[in-house]
Amino acid sequence: MKFLLPLLAVALVLVLVGAGWNQKSIKPEPGCLRINLGTEPPSLDWSVTVDNYSFDVIANLMVGLTQYRNNLTCKPSVASSWDVLDDGKRYVFHLRKDVLWSDGKPVTAHDFVYAWRRMLTPATAAQNSFLFYDVINAYEFNSGKLKDFQQVGIKALDDYTLEVKLRRPVAYFINITALSPAFPLRQDIVEGFADSWSEPEHIVTNGPFLLTKWQHEYKIELTANQRFFEGEPKLKKIKYFMVPEPSTALALYENGELDFIDNRSFPTPDVERYRTSPMYHNYPLLRNNYVGFNVTKKPFDNKLVRQAFSSAIDRDVFPKILRRKEFPSSCWIPPSLMGYDANSGPNFDAARAQKLLADAGFPDGKGLPPITLLYPQREDVRLVVEAMQDQLKRNLHVNVELINQEWKVFLATCRNDAPQMYRSSWGADFPDPETFMSNFTSRNGNNHTRWKNKTYDDLVERAGGEPNQAKRAALYKEADTLLCKEESPLICTYLASQNILVRPWVRGLEFNAMDLQFFKTVWIEDSSPLSFRGFSRGICRGSSKFESIKLNAVKSRQIPRIARNDKGCRISQRSY
Amino acid sequence: MLLLILKRIVWAIPVLFIVATISFGLMRIVPGGPFDEEKSLPPEIIANIKAKYHLDKPIPEQYIIYMSRLVKGDMGVSYKYVNRTVNDILGDAFPVSLQLGLLGLALAIVIGVPLGTIAAVNRGSKLDFLSMLVATVGISIPGFVTGALLILVFGLWLKLAPVALWESFRHMLLPALTLSLSPAAYLARLTRASVLEVMEKDYVRTARSKGLSSSKTIVKHVLRNALVPVLTVLGPLTAIIITGSFVVEYMYAIPGMGRFFITAVSNRDYDLIMATTLVFAVLLVIANTIVDVLYTVLDPRMQVKG
């Protein structure tokens with residue numbers, strides 16, 4: 001009996017040794033890209049899904065009338081060209097005849113009409129249908145006021161010609177046609193297989209890859225589509241794992257079981273560790289973070305107080321505490337979108353902030369009512385609001401109480417009765433300033449500040465319909481200045497960034513600020529004479545001569561090219 | 001025995017009804033709904049969504065709709081995972097948790113019971129001290145720490161086991177070990193106390209005085225009786241362990257149902273919350289019934305009378 005414990009220990013070790021003895025050195029899986037999606041995509045039904053996990057997969061399964069380039073301008077895709085008619089109120093799309101569904105049938109204009117009809121049908125309950133409300137009668141049909149879809153402004157003129165009529169000129173409309181709710185659908189498939197139509201055994205797609213396996217909550221596998229009209233992709237397979245814990249995903253990457261990880265799988269302390277690695281890349285995302293004021297509550301009904309608070313914040317502190325190369329910004333339109341001007345927002349000026357507060361009748365913060373700042377429970381958000389609390393104390397002598405709530409409770413609070421200050425963020429739906437600027441118009445449901453300004457509303461409305469790009473940019477710039485510098489219903493803080501690690505054998509990968517991950521141009525360099533074992537540790541720690549030699553060898557190879565053009569933004573980014 | 005099982009089944013019905021009702025009520029009290037997201041939707045779209053999921057109806061009516069579906073075995077639809085029913089989701093996830101849980105449970109018993117017995121038999125010795133030290137450490141260290149340590153040591157440093165994922169049997173080893181450590185430690189402490197108590201009994205002394213060897217005495221006389229209290233905790237422990245562990249499944253990226261106990265709540269995925277709660281309650285009833293049956297096997301005096 002007394003030997004039982006050691007025997008058990010030995011047996012356990014033997015089992016583990018036996019199980020793990022065949023662990024290989026770090027190397028690629030030929031023709032296969034292995035990445036971490038982080039979690040289960042809620043749906044691959046592209047008409048209804050709204051989250052970026054689903055979009056990451058769908059972006060490689062489907063193409064629409066247009067397609068984003070990595071610089072996030074739109075290029076022709078299923079539509080080879082289009083005419084903009086009637087002062088921008090009518091679009092006629094000419095479809096290619098060589099675009100096929102994965103079962104070999106051609107993609108026609110009728111597939112688009114069906115998709116849009118289904119998406120706008122009230123019973124479908126598609127959350128993104130509001131993006132199409134500028135199409136004639138789309139709102140009326142979606143809200144159940146109109147039953148006849150024939151009266152909605154989308155029509156197949158023939159098999160390969162699609163007409164869309166708008167109720168007003170919409171300068172950014174072409175961007176909408178690249179979004180997933182605008183993608184075509186096959187009526188026979190959707191109606192034939194009901195709720196299971198998007199499962200691998202039924203789904204038909206028209207993009208570069210095919211959905212071949214979906215183990216829910218675990219893994220999705222895509223394989224190259226030989227029928228893709230742009231040509232078969234070089235990658236044979238993509239494996240999306242759903243590893244929710246970032247440190248585990250990073251461990252898998254370090255063990256050579258993942259080729260690519262991003263923010264979802266990259267804990268901040270490890271970003272520091274990999275900062276100098278050639279595998280590390282960073283680029284800004286078009287997700288702007290801010291603290292809003294409820295302007296119906298004192299003291300923020302006074303714009304001088306709002307301006308004082310906004311001027312008292314030094315935005316440069318945020319990248320230092322968050323350590324992911326965030327981009328400090330005091331204006332609402334992100335850089336690289338039209339209308340951006342760094343001077344649209346207030347500069348950090350503590351003396352001016354104190355004067356503004358005194359002018360508002362609160363010298364040194366005396367006489368101010370108790371102020372609360374609400375934020376959702378999350379570690380990085382806590383760091384941000386604590387830094388703001390500290391700066392307001394030091395620069396304005398104002399005490400701000402911080403209150404946190406669970407995410408859904410936080411959302412409900414902001415929606416029902418936002419406190420004096422609340423922390424929030426916004427990721428763009430499509431690459432245009434409209435998606436940011438419309439948030440603070442008087443009737444927008446996302447405007448929890450309750451700030452209403454007719455001049456601002458008019459500027460945004462005019463910009464949305466202005467066909468001249470220079471004039472549009474000027475209108476948005478004027479609106480941004482009014483929002484951030486003159487009226488200040490919000491304090492813009494910083495733009496989020498994407499941090500990724502990519503194995504050196506992954507080639508042809510390009511990134512964009514919208515964080516759309518298109519893999520049709522990617523390939524795996526799998527005939528490498530180089531052993532990559534220990535590669536990651538070597539370059540990060542650089543602790544031995546041997547590792548340095550390997551590092552130099554790797555450096556001499558082609559490192560994935562990074563597209564630094566950061567124009568654009570991510571569709572419906574996850575809430576942060 | 002049959003009567004006992006029938007009795008338990010009859011009792012389970014009102015228990016499950018009460019569990020379902022309380023869970024339903026609690027979910028509706030918590031602020032925030034399944035479709036509250038960062039981006040506010042126009043009221044027309046919210047109305048469409050609510051109509052689709054019957055959330056536009058008064059809460060008593062929602063309750064009746066839910067319960068009438070439930071009695072037919074339909075646990076509803078997920079609000080988070082579009083086009084998937086809760087039956088589908090749990091149908092995929094539960095077998096994974098069951099597989100992992102059974103291995104974890106087996107490991108817990110294989111480690112815990114001998115460890116406790118060794119400690120009791122060698123009471124006061126270094127072996128006892130060492131066994132109980134291991135057991136105390138096992139109870140004290142939470143799963144996310146042991147899991148991370150096992151990944152670091154066996155996965156990253158020694159490369160003896162996969163870091164995570166759910167591809168083959170060897171991928172089950174580290175998660176099962178992580179899952180088993182805390183219950184094993186608990187079982188060890190319980191077994192030790194129970195064995196010590198039984199070893200003081202007259203019949204054990206009699207067995208020894210008759211010349212029975214120490215090992216035979218322990219296996220035949222001590223353990224058989226000492227395991228009764230261990231069985232008592234094995235009932236709820238089994239239900240807990242086979243419905244999955246959020247920490248272990250999250251950490252090792254295992255597609256089990258443990259994660260839904262947390263994520264369904266944070267997503268306000270009402271039907272999924274109800275389903276996980278009910279599945280857990282059903283398994284608890286089943287496990288406790290099995291334990292009661294096993295009592296009678298171990299100790300015929302414990303036959304339950306009609």
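Which helix gives the most to the nonpolar patch? I found that H12(B) does, with 5 residues.

Ground rules first. I am working with a predicted model, where local features need pLDDT of at least 70, side-chain atom pairs count only at pLDDT 80 or more, and totals for chains, interfaces and linings use all residues. Residues are numbered from 1 along each chain as its sequence is written, chains are lettered from A and ligands numbered from 1 in the order written, and side-chain values use heavy atoms, without hydrogens and water.

**Entry 1, the patch.** I noted a nonpolar surface patch of about 890 Å² on chain B, with Met1(B), Ile9(B), Val282(B) and Leu294(B) among its residues. Helix H1 (2-29) and helix H12 (270-298) of chain B each give two or more residues to the patch. I then checked Leu294(B), which sits in helix H12 of chain B. Leu294(B) is partly exposed at 35% relative accessible area (buried is under 20%, exposed over 50%, partly exposed in between, 1.4 Å probe).

**Entry 2, the strand.** I saw that strand E10 (residues 237-241) of chain A is largely enclosed by the rest of the structure, because 4 of its 5 residues are buried. E10(A) pairs (at least two DSSP bridges) in the parallel sense with strand E1 (residues 32-36) of chain A, over 5 bridges. There, Ile35(A) has Tyr240(A) as its bridge partner. Strand E9 (residues 219-224) of chain A runs antiparallel to E10(A), joined by 5 bridges, and Glu221(A) is partnered with Lys239(A). Helices (at least four residues) and strands (at least two) are DSSP runs, numbered from the N terminus.

Conventions
Patches are made of residues with over 30% relative accessible area and no salt bridge: like charges are joined within 9 Å, nonpolar side chains (Val, Leu, Ile, Met, Phe, Trp, Tyr) within 5 Å. Accessible areas come from the Shrake-Rupley method with a 1.4 Å probe; for residues, only the protein chains shown count as cover. A salt bridge is a side-chain nitrogen of Lys or Arg within 4 Å of a carboxyl oxygen of Asp or Glu.
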